[in-house]
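Keep the structure open beside you as you read.

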Amino acid sequence: MLEIKNLHVKLEEEDKQILKGVDLTVEAGKVHAIMGPNGSGKSTLSYVLSGRDGYEVTAGSAHLDGKDLLEMEAEERAAAGLFLAFQYPVEIPGVGNMTFLRTAVNAQRKARGQEEMSATEFLKVVREKAKTLKIDADMLKRPVNVGFSGGEKKRNEILQMAMLEPKMCILDETDSGLDVDAMKLVSEGVNALRDAGRGFLVITHYQRLLDHIKPDVVHIMANGRIVKTGGPELALEVENNGYADILGEAV
Amino acid sequence: MADLAVKSDPTEDRLAALTMPSCGAWGRAVREAALARLRSTGLPGRRDEYWKYTRPDTLTQANVVPAAVFQNDELPPFEGLERLKLVFVDGVFDADASDDLAETGLEIERLETAMAQDIHWAKDLYGVLETNGQTPVARPLAALNSAYASDGIVLRVTAPVARPISMIYRHENLNSDAILHHVIRVEKGASVSVLENGPAAARLNKVMEVDVADGAAFHHVRAQGRDHERRAATHIFARLGTESRFKSFTMTVNGVLTRNECVIELLGDNAQAHVAGAALGDGDFHHDDTVFITHDAVNCESRQVFKKVLRNGATGVFQGKILVKPGAQKTDGYQISQSLLLDEDSNFLAKPELEIYADDVACSHGSTSGAIDDDALFYLRSRGVPLADAQDLLVLAFLAEAVDEIEDEDLREHVSARLSGWLERHRS
């Protein structure tokens, strides 16, 4: 589903190489986790895949279902089925959460040549999905993420994911800033979306999140490369011994 | 002795091109008095401090710069809303196109009718609030208006009025030079909404004097613009009694030159005045909001919320002042003026001022200009919203604080829809 080959990326402004040859394939129905120390390039990978400005791809490729992601605008990637749950969801004063969700859902439908969702239908679906994530009516009415707690912001990301029904979900440190209960709620939301047609790339520092969202494959990223790949046991190894051992071994 | 070249006086040049409308005794007297006020200051020139950011030339000169009548297929503003319609074409009241004044059940008449009568309540208001508004800063274009206004509405409201009074200003003549003057008195406990829309003329000079009595409420929503080449200088002079409320919102799109002055005196305790504006400017657009609010009573609240979106070299100006007089304790004054600059060619010039002579007040003011938030833009796009739609959404979000000042939900939605319609038509 998601196929990344030899991806090299540098920061446009600083001429600093961040990704130095990332190879990664995520199959439909699988959950891949990427772990790694700070500055290893995990967030850069998520931004480059979703089309944020400020990065320059110097070599390599990234395809989603055979379509060249790097040739597309951010909104085209979204319509093609890519979703990024932000590490720091953005506050947008003046835009109601509901308006935001509906605009996004209908923009994607339009881009795919589907009929737009009617207001009533949308309302019904959003209420149902919000309920399972314990998002109340007030949170839906408020401006996007404005005044939301850390946990509320992350739950709002998952709600967007549930509404947009992407094929490929990238979760960038979704566990950061979450307490135990919130992490459970968010994980349940993610697990509910797991199915045979959907791939996940879960980026995290800690093994904790992976207790709730059980990965099929775990990758360790360091210094702009995937240095080790294994099963869920690799995450436990990191938890017990830190990155130093693995990195020493890999180099 | 050599002949001295006669230096032309811009004020006299302008006056020479005008004719004072004939009217009854009190009308004549107040017009002559206004003319004297104008002569004592003269029309504003480029060196005038109050006109530092806006060139007054085309507003004050004798001849009108012609303005093309702009055609598009968009419905006029406020269409479909239940309202009383008063139509002016190039500054002249059009009785045929308007609702019948006699059947409104309201005390409403044309300015010339009111001025033809020997005794009329409007005598205590016409030019009176304008005169009060001449200090500490002179407003010569308003004095010129009081002297030469050729049409307008005189309205007295004695009870709450459900149907908004809607003034529709049509522009048909390329060279029209309109001078309109409305006088409105909202009596104790009464309330009324006044809507205004349309380009009015190639050049418009408009004054609205509003007297809001104790416990009364006045709501004003204006949709200014449409014609790209039109010019306008407008003044609102309002006097607020105890526990009265005044709310005015203006949406401005298009127009090479617009100067909206709003002068409010809070004279009764617990009064409330809110003035707001949302302006969208593209290219050859100059928009100036000049506001002067005087707190002269206890426990009054005032808000100024002005937002401007500017691109392709458009210019926005804000001059806003809150004056708190001695003894006006517990004043709550808020003023914000912000611009969203969509490119580096556009300008925003702001002069926020506070002058406070009481010691127990809360006044705040803020003025900013900035670009569209890239993070927010990416966030929207990452959810599948196309770039142009995402930009429009953020522009509307920026304007929302001003638009939200409109109390009536129907009107608020109406204004929002027009703003988004304009954005859609003006995509680069």
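## Starting at one edge

In β4(B), which residue is the bridge partner of E109(B)? The partner is V154(B). Strands here are DSSP runs of E with at least two residues, numbered from the N terminus, and two strands pair if DSSP finds at least two bridges between them. By that rule, β3(B) and β4(B), the latter spanning residues 153–157, pair in the antiparallel sense over 4 bridges.

Before going further, a word on how to read this: it is a predicted model, in which local features need pLDDT of at least 70, side-chain atom pairs count only at pLDDT 80 or more, and totals for chains, interfaces and linings use all residues. Residues are numbered from 1 along each chain as its sequence is written, chains are lettered from A and ligands numbered from 1 in the order in which they are written, and side-chain values use heavy atoms, leaving out hydrogens and water.

## The whole sheet

Both strands belong to an open sheet of 9 strands in chain B, ordered β3-β4-β6-β8-β10-β12-β14-β16-β18, with mixed pairing. At the edges stand β3 (107–110) and β18 of chain B; each has a single partner strand, so one side of each is left without a neighbour in the sheet. From one strand to the next, the twist averages 5° (axes are lines fitted to C-alpha atoms, and angles run from 0 to 180 degrees between N-to-C directions).

## A strand on the inside

Now look at β16(B), residues 315–324. Because 10 of its 10 residues are buried, this strand is largely enclosed by the rest of the structure. Buried means under 20% relative accessible area, exposed over 50%, and partly exposed in between, using a 1.4 Å probe and protein chains only. T315(B), V317(B), Q319(B), K321(B) and L323(B) point one way from β16(B), while G316(B), F318(B), G320(B), I322(B) and V324(B) point the other way.

Strand β14 of chain B (residues 286–295) runs parallel to β16(B), joined to it by 10 bridges; here H286(B) has T315(B) as its bridge partner. Another 10 bridges join β16(B) to the parallel β18(B), residues 347–356, where L349(B) stands opposite V317(B).

## The cysteines

How many disulfides does the structure hold over all chains? There are 0, a disulfide being a pair of cysteine sulfur atoms within 2.5 Å. For C262(B), the nearest cysteine sulfur is that of C300(B), 15 Å away. C262(B) is buried, with a relative accessible area of 5%.

C363(B) is partly exposed, at 22% relative accessible area. Its closest cysteine sulfur, in C300(B), is 11 Å from its own, too far for a bond.
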